[in-house]
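Hi everyone, thanks for coming. Let me put the structure up on the screen, and then we can walk through it together.

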Amino acid sequence: MTSAQTPAITLTIAGSEATGGAGAQADLKTFQELGTFGIVALTCIVSFDPKDKWNHRFVPVETQVIADQIEATFSNYGPEQLDTVKLGMMGSPATISTVSAALQERQPKNLVLDPVLICKGQEPGHALDTDNALKAELLPKATFVTPNHFETEQLSGMTVESVEDLKAAAAEIHRISGAAVLAKGGVRLAGSEAVDVFVDAHGMEVLSAPKIGEHAVSGAGCSLAAAVAAELAKGASPLEAARRAKAFVTEGIKQRVAGNTPFDALWQGGLRP
């Protein structure tokens with residue numbers, strides 16, 4: 001465990017989301033709220049287009065620039081200082097290969113993968129190539145995976161329509177990857193509870209909280225994975241990290257931030273007294 005004077009360090013390798021609701025912005029706010037020293041290496045820049053139904057405008061960061069950012073961070077903080085990395089949106093097979101190579105050299109103790117499999121605005125074939133690269137190159141390296149409903153179905157190859165389905169799919173992703181899994185049912189499953197399923201080598205636990213509205217909130221998935229990373233960096237077990245991350249996101253959704261987009265954004269300060 002780190003002392004109060006020396007915070008744990010957490011790195012997110014993720015995309016920027018210009019309105020501040022998701023991506024690296026959400027990750028850094030989560031890291032700060034949970035008491036870790038947050039660092040970001042940007043992989044892409046996403047800015048919603050208000051003239052086109054708020055669809056994504058996606059601009060990748062050059063792979064050499066991504067590699068340079070990670071090199072600077074890993075060179076500044078040794079493995080004993082920085083042992084926890086969270087992965088968010090990659091956006092392209094080239095980015096995935098660049099990040100994978102950097103992680104192979106460092107091999108952090110905690111590697112939390114938020115497996116972003118869809119980026120609206122990308123050409124479908126390119127998106128599929130990105131998804132396949134993520135499964136092949138990053139999923140095997142992960143120690144903890146936080147798929148949403150769609151990603152859970154894609155990674156497990158199963159249809160998820162109930163809590164029992166979610167439990168089976170989470171177990172399958174754990175079997176495939178060897179990682180701890182927090183599979184999110186959220187508002188996608190019927191019922192009054194937002195249900196997520198945690199599974200690792202020690203067992204399974206269903207985490208539930210009353211649903212807050214019927215629509216997904218921007219930044220919930222990013223913040224959940226970032227919260228898991230922050231708790232792991234501070235010394236929590238995977239199950240403890242999952243429980244705390246669930247509580248963090250639930251409170252953040254209660255105090256969501258509305259703008260002109262058709263979706264609200266989670267506020268990372270929801271647990272403040």
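**The sheet and what packs on it**

Let's begin with the open sheet: nine strands in the order β3-β2-β1-β4-β5-β6-β7-β8-β9, with mixed pairing. At the edges are β3 (55-60) and β9 (203-210), each of which pairs on one side only. Two terms here: strands (E, at least two residues) and helices (H or I, at least four) are DSSP runs, numbered from the N terminus, and two strands pair if DSSP finds at least two bridges between them.

Before going on, please keep in mind that this is a predicted model: local features need pLDDT of at least 70, side-chain atom pairs count only at pLDDT 80 or more, and totals for chains, interfaces and linings use all residues. Residues are numbered from 1 along each chain as its sequence is written, and side-chain values use heavy atoms, with hydrogens and water left out.

Back to the sheet. Strands β1 (residues 9-17) and β4 (residues 84-87) run parallel and are joined by three bridges. If you look there, Thr 12 stands opposite Lys 86 in β4.

Now, which strands does helix α2 touch? Helix α2 (residues 63-76) packs on the sheet against β1, β2 (37-49) and β4, and its direction makes about 160° with that of β2. Helix α3 lies across β1, β2, β4 and β5 (110-113), running at about 170° to β4. Contact here means heavy atoms within 4.5 Å; axes are lines fitted to C-alpha atoms, for helices over the stretch in contact, and angles run from 0 to 180 degrees between N-to-C directions.

**A closer look at α2**

The 14 residues of α2 should span 20 Å at 1.5 Å a residue, and the end C-alpha atoms of α2 are 20 Å apart, which agrees. That expected span is 1.5 Å times one less than the number of residues.

Which residues of α2 are buried? They are Ile 66, Ile 70, Thr 73 and Phe 74. Down the axis of α2, the buried residues fall within an arc of 95°, so they line one face of the helix; the arc is that of the directions from the helix axis to the C-beta atoms. Here is the background: an α-helix has 3.6 residues a turn, so residues three or four places apart point the same way. The buried residues of α2 pack against β1, β2, β4 and α3, while the face turned away from them carries the exposed residues Gln 64, Glu 71 and Ser 75. By buried I mean under 20% relative accessible area, by exposed over 50%, with partly exposed in between (1.4 Å probe, protein chains only).

For Cys 222, the nearest cysteine sulfur is that of Cys 44, 11 Å away. Cys 44 counts as buried because its relative accessibility is 0%, and Cys 222 is buried at 16%.

Last stop, the loops. Most residues other than glycine have a negative phi. Lys 53, in the loop between β2 and β3, has a positive phi of about 55° and is exposed at 74%. Gln 107, in the loop between α3 and β5, has a positive phi near 50° and is exposed at 54%.

How values were computed
A disulfide is a pair of cysteine sulfur atoms within 2.5 Å.
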